[in-house]
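Have a look first, then we'll get into it.

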Amino acid sequence: MDLTVAPNPFFWSADAVRSFYATLSDAPVARVVLGELVCSKRLPFWQDEIPLAVDSLQAGGKQVALTSLALITLRRERKLTADLLGLGLPVEVNDLSALHHIPQGVPFWVGPLVNVYNEGTLRWLARRGATRICLPPELPMASVAVLAEVAQAEGVALEVWGHGRLPLAISGRCYHARLHERAKDSCQFVCEQDPDGRDVDTLEGQRFLTVNGVQTLSQAYACMADHAVALRDMGISALRLQPQSAGFDALCADYAHLLAGDLSAQALVENLGAAHPDMQFCDGFGRDSAGATWRGHAVPV
Amino acid sequence: MPEATGNVTIPQLLTTPMRILPLWPVSMALSQLARNLLYAHPEILHRIDKYQNHHFELDITDLPFVLRLDPARAQLRAFRRGAAPASDARIAGSFAAFLAMLHGAEDGDTLYFSGALQIEGDTSAVLALRNALDDAELDLGAEIANALPFLAKPLRQSLAPLERLTGLHLTRADTTPEVY
Amino acid sequence: MELVCPAGTPAALRAAVDAGAHCIYCGFADETNARNFPGLNFSRSELAQAVGYAHARGAKVLVAINTFPTAGKETLWHSAVADAETAGADAVILADLGLLAHTAERHPDLRRHLSVQAAAANPDAINFYAQAFDVRRVVLPRVLSVEEIAAINREIDVETEVFVFGGLCVMAEGRCSLSSYATGRSPNMNGVCSPPEHVDYATEGTDSVARLGGFTIHRTPKGGVAPYPTLCKGCFTSGDKTGHVFEDAVSLDASKLVPKLAKAGVTALKIEGRQRSRAYVAQIVRAFRAVTDALEDGRDPPALALARLSEGQAATTGAYAKTWR
């Protein structure tokens, strides 16, 4: 089992993107998915960094793929998706309409925002050309086990969400703009103010969700450290780690040590807690429970 | 067609004697009604499914007592307000709101959104009961006449004028209010 | 235009047919459909009877099998498709790739509609489903403006169906795990969003509180209306802002947009609400039938007064107006 870095869902400055991927080139991860996942309006601000990042990641021995947008509606977004194919890298499909542009037989990856819930869907995608699939984070363990067997038979590498705020929903509406009382079309890119998203709590102060433009994430960071061994035994080939603005290189190193057997899940969680005292964790989906729960406990009121 | 409203109440002329009279004959008559009704409409219990063994408190706020429904045992009994044993779920609203919902003149969610109905406790059980009763297309007058034959004739004679007089949905709505 | 109306029970289906529905959609009483609520939906024999009732009166019945089959339990969904065909359903409404592939292969003559749960939001997605699985109609997600719908219709060869009334998902449908994050039950897998068994209403001091999976969704002064705790319509705090971060407690009413939707090339108008009663179904269907009839006759459609039937008793035209975003 190895590590895949998810596309960064947040809006970072070009400088922040450059230094993030430069550092990541030396990290103990096997592959990196790059590109704009959440909002096409952000792309002009950082798209020039993508070729540089591809070069430095490949120089660092990483496999690199480019993601589609999570929700494609506009004409220019469709064109953007069609153009992804000409760039010579595997495309990770995160909106099924990208398949319309991928000819039968051309290999592609499937991201966690595509609904792969069962054998029929996995087999269909495999026969259409999928070689790597990251399962939706909400999938129960029993489903993961069934799909791992099918994936092995079909020759598909299967990934599971390993770490990071869970991508829970995508919308046509921009909640960041709404919180600033702006329309999406005149958002003035307010999502850039929140490099890990903007937290949303309940009226009683329970930490709950995080908005990131048109995306809604969990406020808690999923941490599947406790489940890594079970997932490896099922035949899962990679854990997926989502970029965050601080401490990501240390986090990659810890997960790599965990997979190598040099670090216990408990020690990894303690390291994370020490480095990020404010970070709240969850692993409920891995326990067939409410996603927000952590090690069997509900979020305290 | 009566206008569906939540502010029609039962005339005091009726509620005052109910406040004084003993409740056991009421409970007996109500359970007789529940037994007949569930026997005639077996699909109700089928739809209530796993919530059959739940107890429902039906608090018709303009009656001087509350009703407690036990679907599995086909019991519908009256208790003084505050004296009923604990229930799994409670639905409260005016007689008008309950009748309008039962007779298909008003939507339960609409009554709930407007505050005419309140629910507490096990929301799933309430939904199961509401949906089961809605599907059964009951006509309470006919069910009462069926369960308590001695009431059939007076009911037949009085329901239509009473409906006009009170504005209550005393019979099943086969046509619905115009909304445009 | 065709009016596609909801039915959660056989009584609601008859009410819809009697009120003038051209088409009724319903589902089986299990996890195969996206309105898997207690006391709702159809048994196999109820569906067969309902199809008979509708067909005798010139109406069609569509069966929604629009959740995503659970790994290892696909036969439940496969038999739902087979049983819908046996009952004489005019079409099935599907969302899952694997189930679409299965249905196209094993039940080629059964008409296939693409559920809103598949969130096909652009011509490429729709053309993909049409070519891969011979889907004949697509229910468009509620993230599109009227102009975008018109543009989509110019680029596709299949029919489109759009929501005109009822509950409003603010997230792309079929791609939302908010409810399972809070409760562990997934709209995609279990067919229920904000499941009632995880709803808790409580009175605390002078407030009525509604919680979902332990998370507070609404807190209102006692005596006020505590809306059903649908997560995306909840009241939350973010920084210095407190309010409805995602959407107010409103539902969709696009009745005034029907002529524009017709011009945009839409084939069918869909009314949400399989969880609502036969009274609701009858009232809404009658109202919208007056609109489609007027349109057919070249008259101005009547203005509808439906707000009181809506959640929060307030309505929005949602994404159909571009400013909603």
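Q: What share of the contacts in chain A with a separation of 6 or more comes from residues 24 or more positions apart?
A: Keep in mind that this is a predicted model. Take the contacts in chain A with a separation of 6 or more, then pick out those between residues 24 or more positions apart. Their share is 67%.

Q: Why can chain A be called as compact as a globular protein of its length?
A: Chain A is built from 10 helices and 12 strands. Along the principal axes, its C-alpha trace spans about 50 × 45 × 35 Å, and 56% of its 301 residues count as buried. For 301 residues the globule rule gives 19 Å, and chain A is as compact as a globular protein of that length because its radius of gyration is close to that, at 18 Å.

Q: How do H9(A) and H10(A) run relative to each other?
A: H9(A) covers residues 248-260 and H10(A) covers residues 265-275, with their axes 10 Å apart. The packing angle is about 170°, and angles over 145 degrees count as roughly antiparallel. So the two helices, H9(A) and H10(A), are roughly antiparallel.

Q: Which residues of H10(A) make the contact with H9(A)?
A: By class, this contact has 7 nonpolar, 1 polar and 1 charged residues. H9(A) brings Ala250(A), Leu251(A), Asp254(A) and Leu258(A). From H10(A) come Ala265(A), Leu268(A), Asn271(A), Leu272(A) and Ala275(A).

Q: Which chains have the most contacts between them?
A: Chains A and B are out, as they do not touch and their nearest C-alpha atoms are 18 Å apart. There are 2 pairs of chains that touch. For the whole model, the scores are ipTM 0.96 and pTM 0.93. The pair with the most contacts is chains A and C.

Q: Which element gives the largest share of the side of chain B that touches chain C?
A: The contact takes 31 residues from chain B and 32 residues from chain C. On the chain B side, at least two residues each come from H3 (42-48), H5 (108-113), strand E5 (117-121) and H6 (123-136). That side divides into 13 nonpolar, 9 polar and 9 charged residues. The largest share, 10 residues, is from H6(B).

Q: How is H2(B) oriented to H7(B)?
A: The axes of H2 (residues 24-40) and H7 (residues 140-147) of chain B come within 9 Å and cross at roughly 110°. Angles of 65 to 115 degrees count as roughly perpendicular. H2(B) is therefore, relative to H7(B), roughly perpendicular.

Q: Which residues of H7(B) meet H2(B)?
A: Sorted by class, the contact has 5 nonpolar, 3 polar and 1 charged residues. On the H2(B) side you'll find Gln32(B), Leu33(B), Asn36(B), Leu37(B) and Ala40(B). Facing them in H7(B) are Glu143(B), Ile144(B), Asn146(B) and Ala147(B).

Q: What percentage of the residues in chain C is buried?
A: Chain C has 10 helices and 15 strands. Its radius of gyration is 19 Å, close to the globule rule's 20 Å for 325 residues, so chain C is as compact as a globular protein of that length. Confidence in chain C averages a pLDDT of 92, and 97% of its residues score at least 70. Of its 325 residues, the buried part is 64%.

Q: Is Val192(C) buried or exposed?
A: Val192(C) sits in the loop between helix H8 (187-190) and strand E8 (199-204) of chain C. Leaving out residues up to four places away in sequence, Val192(C) touches Asn36(C), Phe37(C), Arg185(C) and Pro187(C). A residue needs 20 or more other C-beta atoms within 10 Å to count as buried. Val192(C) has 26 within 10 Å, so Val192(C) is buried.

Note on methods. Residues numbered from 1 in each chain as written. Chains lettered and ligands numbered in written order. Predicted model: local features only at pLDDT ≥ 70, side-chain atom pairs only at ≥ 80, totals over all residues. Helix = DSSP H or I, 4+ residues; strand = E, 2+ residues; numbered from the N terminus. Rg over C-alpha atoms; globule rule 2.2 N^0.38 Å. Buried ≥ 20, exposed ≤ 12 C-beta atoms within 10 Å, placed from the backbone. Contact = placed C-beta atoms within 7 Å. Axes fitted to C-alpha atoms, helices over the stretch in contact; angles between N-to-C directions. Parallel < 35°, antiparallel > 145°, perpendicular 65-115°, else oblique. Nonpolar A, V, L, I, M, F, W, Y, C, P; charged D, E, K, R; others polar. pLDDT = per-residue confidence, 0-100.
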